[in-house]
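The sequence and structure come first.

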Amino acid sequence: MEMLKVSEKGSYVLLELPYNGKAMPGQFFTIKTKTGPYIPRPFSVYDLKDGNLKFLIKTGGEIQQFLDEDIIVDGPFGNPISKIDDVLLIAGGVGYAPIHFYALAYGFKEMIIGMLDDELFDFVDIPDHCVCVVNPTTPVDLAKLSPLKNILVCGPHEMIKGLKRDLPESTLYAIMEEKMACARGMCEGCAVMTKDGVKFVCKDGPTFKISEVDLEWTYQ
């Protein structure tokens, strides 16, 4: 039986579903119901333990109107992330979900979380030894002060671009978030351009080494 937990102002939802399978950091699932949405929606894993799978969802999207129905889960999709030594974890908004799952599985040296306001901070589990920032301070501002050179990030596209621009000597890995329909590389909706040509977030990612990705490219 699924369970919903809603944040104080209603901007975020934690969806908890029974699930007896496995998933690794970096992987994601798609969810839908018998009545919609027509295209299943992809969500990264926030937590998986004791037979319960959790997703962190920002409200306002099409999926919200179906969350009180029986949820159909498909996955996991995508390639798992291996443990990264001496890693700085960076999350923006609901991009915190896969970062949280990575931290639970592998631990971390430092973590920076960027949020629009305190609502998300009060809603999710925040490990010790993290720094949370609210606009106008950004995770990019604090990342410049860290001595760590291995970075794993998930969040807004502009934040990832800022990290790539301002930290050229760092090794930056990003869990990419793109629109997709099939989650199997067939619809070509989640294409990104890499040094090796077009790749797909669902099939080839979702984690990419950002030095190898053209963040300005748009699929035509």
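## Overall build

The protein has five helices and 16 strands, where helices (H or I, at least four residues) and strands (E, at least two) are DSSP runs numbered from the N terminus. Its radius of gyration is 17 Å, close to the 17 Å that the globule rule gives for 220 residues, so the protein is as compact as a globular protein of that length. The radius is taken over C-alpha atoms, and the rule is 2.2 Å times the number of residues to the power 0.38. The C-alpha trace spans about 50 × 40 × 30 Å along its principal axes.

This is a predicted model, in which local features need pLDDT of at least 70 and side-chain atom pairs count only at pLDDT 80 or more, while totals for chains, interfaces and linings use all residues. Residues are numbered from 1 along each chain as its sequence is written, and side-chain values use heavy atoms, with hydrogens and water left out.

## Burial and contacts

Of the 220 residues, 46% count as buried; buried means under 20% relative accessible area, exposed over 50%, and partly exposed in between (1.4 Å probe, protein chains only). Among contacts between residues at least 6 apart in sequence, 58% join residues at least 24 apart, a contact being heavy atoms within 4.5 Å.

## Nonpolar cores

In soluble globular proteins, nonpolar side chains tend to be buried together. A nonpolar core here is a set of buried Ala, Val, Leu, Ile, Met, Phe, Trp, Tyr and Cys residues joined through side-chain atoms within 4.5 Å. The largest such core has 29 residues, of which Ile 90, Val 153, Leu 163, Met 176 and Ile 210 touch the most other members. Two or more residues each come from strand 8 (87-92), helix 3 (139-143), strand 11 (150-154), helix 4, strand 12, strand 13 (191-194) and helix 5 (201-204). Helix 4 gives the largest share, three residues.

Not counting residues up to four places away in sequence, Leu 163 touches Ile 90, Val 140, Ala 143, Val 153 and Leu 172. Another core, of 23 residues, lies apart from the largest one and includes Leu 14, Leu 56, Tyr 96 and Ile 175.

## Helix 1

Helix 1 (residues 96-106) is mostly covered, with eight of its eleven residues buried. These are Tyr 96, Ala 97, Pro 98, Ile 99, His 100, Phe 101, Tyr 102 and Ala 103. Gly 107, which follows helix 1, has a positive phi near 80°.

## Loops and backbone exceptions

Most residues other than glycine have a negative phi, and most peptide bonds are trans. The bond from Gly 36 to Pro 37 is cis, with omega near -5°, and Pro 37 sits in the loop between strand 3 (28-32) and strand 4 (41-44). Gly 205 and Pro 206 are also joined by a cis peptide bond, with omega about 10°; Pro 206 is in the loop between helix 5 and strand 15 (207-209).

His 129 is not a glycine, yet its phi is positive, about 65°. It lies in the loop between helix 2 (118-123) and strand 10 (130-134) and is exposed, at 73% relative accessibility. Glu 188 also has a positive phi of about 65°; this residue is in the loop between strand 12 and strand 13 and is partly exposed, at 37%.

Is Ser 170 buried or exposed? Ser 170 is buried, with a relative accessible area of 16%, in the loop between helix 4 (157-166) and strand 12 (171-175).
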